Amino acid sequence: RIVFLNGSFLPLEEAKVPFMDRGFLFGDGVYEGIGVLDGRLIDNEAHLERLERSLSEVRIPNPYTRAEWTSLQGEIVRRNGMQEGFIYFQVTRGVAERDFFFPENAKPTVAMFTQAKAIVHAPAAEKGIAVVTVPDLRWERRDIKSISLLAQVLAKQAAKEAGAQEAWLVDEGFVTEGGSSSAFIVTPTGSIVVRPLSHAILPGITRKSLLRLSKEGGIALEERRFTVEEAYEAAEAFLTSASNFVLPVVSIDGRPVADGKPGPITRKLRELYLQMASAPALA
Ligand code: PLP
């Protein structure tokens, strides 16, 4: 596998990051993950825009222009012969003697790799997945895509140990989002409900596309918070993320959602998303 590190493409085994990198010592960095279908990056402009925002919020200089990022991404896809999967990339504040203050002359560390993965024909997409709710123990700037993911690691591991595939994080009784996904329910009257954007959640790029597609598809939308109890009573539930697109959620805390099968609105939205992602020459 060929990865990208600080200006070079090289075999994974040869890609080494210095011991004193602030990503390693402090989790001082931000990242992005983008879905790839038929060798094309899905919603890349929106992901690069979010990267620019994350970098500026944590005051790490952006090492590349949007055009440079795009060309590096294209090249890593080509070099790995990637058809379907995921591109991960992160920028840390760089290498310096350990000290909390920003280093004076450190250069950001840039790392990028690809992961092949079946997104379109994933079994989870046909059967749906189970989620369990856990307290949202993250910091108060969840809108920044920080590489400090300890709370998500613990939440998702707790979900796995409870037999589920994703954790839904709960703050003051309301679901914020998934450990690595945006959380949606469908009301008994057929409206999609999703939490509005704020510092409490990551502005999901797939979420944004899904909202546009639901509007175009004439599906009602309520952008508001929902409680765990409302989710238990929902007609359908689903999640979105760059590496899964739209996935049905068929059980929450061991209780089946409605009849425990992927619902019609979820299936329609997944279909619309797949059409969008498969259409050639999208920006
Ligand atoms: N929320 C969190 C906490 C995430 O980590 C992710 C993706 O990793 C998402 C939501 C989904 O965002 P996107 O659709 O941009 O992948």
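## Two domains

In this predicted model, the protein is divided into domain 1, which covers residues 2-116, and domain 2, which covers residues 123-278. The C-alpha centres of domain 1 and domain 2 lie 26 Å apart.

Where the domains meet, 21 residues of domain 1 are in contact with 14 residues of domain 2. On the side of domain 1 that touches domain 2, at least two residues come from each of β3 (29-37), α2 (44-58) and β5 (85-92), and β3 gives the most, with eight residues. By class, the residues on this side of domain 1 divide into eight nonpolar, eight polar and five charged.

## The largest nonpolar core

The largest nonpolar core has 58 residues, of which Val-131, Ala-167, Phe-184, Ile-185, Ala-237 and Val-249 touch the most other members. Strand β14, residues 245-252, gives the most to this core, with six residues, and at least three residues of the core are drawn from each of domain 1 and domain 2.

## Around the ligand

The shell around the ligand has 13 residues, and those that come nearest are Leu-202, Gly-204, Ile-205, Thr-206 and Ala-242. At least two residues of this shell are supplied by each of α6 (205-216) and β13 (236-241), with α6 providing the largest share, three residues.

Sorted by class, the shell around the ligand has eight polar residues, three nonpolar residues and two charged residues.

Methods:
Residues numbered from 1 in each chain as written. Predicted model: local features only at pLDDT ≥ 70, side-chain atom pairs only at ≥ 80, totals over all residues. Near = placed C-beta within 6 Å. Helix = DSSP H or I, 4+ residues; strand = E, 2+ residues; numbered from the N terminus. Nonpolar A, V, L, I, M, F, W, Y, C, P; charged D, E, K, R; others polar. Core = buried A, V, L, I, M, F, W, Y, C linked by C-beta atoms within 7 Å. Buried ≥ 20, exposed ≤ 12 C-beta atoms within 10 Å, placed from the backbone. Domains from an automatic or database assignment. Contact = placed C-beta atoms within 7 Å.
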